[in-house]
Amino acid sequence: MTGLYDRLGRHIHYLRVAVTDRCNFRCQYCMPPEGVEWLEHTDILRYEELVRIIRIFAGLGVDKVRITGGEPLVRKGLLPFLRQITRIPGIKEVGLTTNGSLLEEYALSLKQAGVGRINVSLDTLQRERFIRMTGQDRLDRVLAGIKKAHQAALTPVKINMVVMKGINSDEIADMAAFALKNDYQVRFIEYMPFSTGQDYLFTAAEMKQQLVAAGFTKLVPQLGVSCPAKIYHVPESRGSIGFITPVSQHFCSSCNRIRLTPDGYLKPCLLSNEEYSLRERLRSGASDQQLLAQIKQVVWNKPQQQYFLKGQKGDRGMSRIGG
């Protein structure tokens, strides 16, 4: 059996790389109200270190890489880095997750650098609510960036909406209509309570009920696609609707990914407190074979299930992990 597998037989071929912890938004589910203390510059992995790690992963059979943050587009030198990793042998797809505020400026350059797909985090279409949720008055810029990404063929443009009960859960039908009209894919994501505090969980079942009540009664399941999102198409539209259910219907048994935090920790599971430093090994002169052995060991011991299922909370907030 070739490739990278854990002890449960899950094939790990998807690497999510957070290139920075910094962001120009202050989304309430990502950052605590008191704010965060940014990582020191020396704690962040350098681009050459990231390229080296991705090359090792590619040699182990990882073929898909997603660049995240923070907001990845705020880090200087990102485009040359993307051009490097899109040319690594074995890497078939490079995507990027962004809040969209800088996307209008960068969309075409991202496409030219070899990025295949864009995910845009957008939790509301209402300007005043957007300001409250993000701390920024940039909804028009985000919408312009989404349009530009579509024009640049970074398709399908995926819109990630974290649905929070009593906050934006009344906008599900509006967001679905927006996506279908413009041939985007909207993915409704259940709120994940990373730490203690108010629980905004609005389940996918509740979302579907709201969509049906709004007239979205012809949702056709997309078959044969292996990803956390359950995708549905609507007749006469090239857009689509998806649901990501980390709480109500977890997908641990089919998880195919591993994460690298901006400060160089491998997280075999987003919703687990287990993490392992690659940065220390990198900077202490470890060989590629030593790093490869550490990566294989971390993947082999990937947790069977996330901590929500154990009644636990996370040690790191989302801003310290990467999207």
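I take buried to mean under 20% relative accessible area, exposed over 50%, and partly exposed in between, with a 1.4 Å probe and protein chains only. By that rule, 53% of the 323 residues of the protein chain count as buried.

Notes on the source: this is a predicted model, where local features need pLDDT of at least 70 and side-chain atom pairs count only at pLDDT 80 or more, while totals for chains, interfaces and linings use all residues. Residues are numbered from 1 along each chain as its sequence is written, and side-chain values use heavy atoms, with hydrogens and water left out.

**Overall**

I looked up the secondary structure and got 9 helices and 12 strands in the protein chain. Helices (H or I, at least four residues) and strands (E, at least two) are DSSP runs, numbered from the N terminus. For contacts I use heavy atoms within 4.5 Å. Among contacts with a separation of 6 or more, 72% join residues 24 or more positions apart.

**Cores**

Next I checked the nonpolar cores, meaning sets of buried Ala, Val, Leu, Ile, Met, Phe, Trp, Tyr and Cys residues joined through side-chain atoms within 4.5 Å. The largest has 80 residues, and those touching the most other members are Ile 67, Phe 81, Leu 82, Ile 85, Leu 110, Phe 188 and Ile 241. Helix α1 (residues 47–59) gives the most to this core, with 8 residues. I then picked Phe 81: leaving out residues up to four places away in sequence, Phe 81 touches Val 19, Tyr 47, Leu 50, Val 51, Ile 54 and Ile 67.

**Asp 123**

I found Asp 123 in the loop between β4 (117–121) and α4 (127–134). Asp 123 counts as buried because its relative accessible area is 8%. A polar atom of the Asp 123 side chain lies 2.8 Å from the backbone nitrogen of Val 162. I also noted Asn 168, 45 residues away along the chain, with its C-alpha 7.1 Å from that of Asp 123.

Going through the loops, I noted two cis peptide bonds. One runs from Gly 69 to Gly 70, with omega near 15°, and Gly 70 sits in the loop between β2 (64–68) and α2 (78–86). Another runs from Thr 155 to Pro 156, with omega near -5°.

Pro 156 is in the loop between α5 (139–151) and β5 (158–163), and Ala 153 is also in the loop between α5 and β5. Ala 153 has a positive phi of about 70° though it is not a glycine. I put Ala 153 down as partly exposed because its relative accessibility is 36%. Asp 183, in the loop between α6 (172–182) and β6 (185–190), has a positive phi too, near 65°.

Conventions
Polar contact = N/O pair within 3.5 Å; in protein donor to acceptor, adjacent residues only side chain to side chain.
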